[in-house]
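Open your viewer and get ready to click along.

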Amino acid sequence: MLKTELEISVRKAAPEQLKKKPDQNALGFGQYFTDHMFVMRWSREQGWHDAQLQPYQNFSIDPAAMVFHYGQAIFEGLKAYRGKSGNILLFRPTNNFERMNQSAVRMCMPRIPVDRILQALKALVYLDRDWVPNTDGATLYLRPTMIASEPALGLRPANEYLFFILASPVGAYYAEGFNPVKIYVEDKYVRAVPGGVGEAKTAGNYAASVKALTEAQSNGYSQVLWLDALEHKYIEEVGTSNAFFVINDELITPPLAGTILPGITRDSVLQLARDWGMHVNERRISIDEVVEAAGDGSLQEVFSTGTAAVISPLGELCYKGECIPVNGGKTGMIAQRLFDELQAIQFGMRQDAHRWMVRVA
Ligand code: COI
């Protein structure tokens with residue numbers, strides 16, 4: 001059952017519960033959490049209920065909660081930006097909640113009431129508005145999450161779920177910032193198979209990727225570039241973000257065919273590039289084509305896109321022991337232009353032609 005009118009109560013942190021705010025110039029990523037969180041519960045009988053903005057605190061949760069055993073967990077990532085005039089803006093939040101509902105359907109979890117949750121999100125950000133950074137490029141990262149909370153060990157969809165939103169002031173995701181990163185083209189492990197859960201933002205996809213990531217990192221790479229599971233040939237996505245290639249002035253990205261995340265930054269980049277009259281192509285692209293294009297000089301740029309990563313230029317691809325520099329290891333013109341444009345829209349400094357930004361305060 002999906003209740004449409006969800007009552008949201010507010011319990012503010014007492015003055016002595018308020019935390020000391022971190023140095024805005026040394027935030028890192030996801031290390032600090034604000035004073036409040038949003039929590040609500042779902043049961044098969046009651047639907048969504050007990051919605052509350054409350055002080056940030058630990059959960060008490062049964063060790064038999066099904067999420068610990070069978071991994072029914074989905075999440076989202078979006079950001080709040082402090083605009084030039086001090087106002088606070090969210091980037092395409094409804095798209096995140098709609099994508100969460102797609103993940104929920106795939107994982108047999110309950111859908112969330114998008115409009116009410118958007119109100120809850122805005123209220124949370126407003127309550128913790130002093131945590132939205134005002135240093136260059138820093139933002140308040142928001143993490144809506146849903147887990148199966150029913151204590152039971154039989155394998156089936158749970159009858160109880162917990163939904164919560166955390167807020168965390170963040171700087172750049174990569175230590176390299178906006179500088180090009182080195183990527184390992186993964187030809188042993190795979191991320192997702194057709195018919196699997198690759199397009200759902202479910203925790204298990206991330207857990208399954210950690211082995212490849214740590215091996216790549218121990219060899220000096222920031223991330224992996226995933227290839228398809230059947231032929232180890234076609235490009236899927238980069239670690240935690242979508243992959244883009246510029247070859248012969250054409251912007252190419254793998255299509256949404258079930259195994260990659262339908263990125264909201266990906267969609268925005270495609271839109272901006274189309275607005276600019278670029279030739280854009282969502283199609284399968286093989287690693288061999290990329291290597292060949294690097295060889296004949298037609299590979300101009302490679303970059304990845306994501307909420308955390310924003311636009312991240314890739315300066316080197318390493319595949320089967322061979323390292324292929326991309327654009328001389330420098331940030332390309334298109335990645336730079338997309339980064340500048342996207343950030344200018346997100347921080348309220350450029351006209352928002354697509355009405356992507358939602359004002360909080
Ligand atoms: C995001 O970009 O928001 C993600 O969820 C990726 C995560 C690894 C930080």
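Helices here are DSSP runs of H or I with at least four residues, strands are runs of E with at least two, and both are numbered from the N terminus. This is a predicted model, where local features need pLDDT of at least 70, side-chain atom pairs count only at pLDDT 80 or more, and totals for chains, interfaces and linings use all residues. Residues are numbered from 1 along each chain as its sequence is written, and side-chain values use heavy atoms, with hydrogens and water left out.

**Select the whole chain.** Colour by secondary structure to find seven helices and 18 strands. Along the principal axes, the C-alpha atoms fill a box of roughly 60 × 50 × 35 Å. How much of the chain is buried (under 20% relative accessible area, 1.4 Å probe, protein chains only)? Buried residues make up 53% of the 361 residues.

**Now select helix H7, residues 333-346**.

**Show the side chains of H7.** Is this helix mostly covered or uncovered? It is mostly covered, with 10 of its 14 residues buried. Among them are Leu338, Phe339 and Leu342, and also Glu341 and Gln343.

**Finally, click Gly348.** This glycine follows H7, and its phi is positive, near 70°.

Key:
Buried < 20%, exposed > 50% of the residue type's maximum accessible area, 1.4 Å probe, protein only. Expected span 1.5 Å × (residues − 1).
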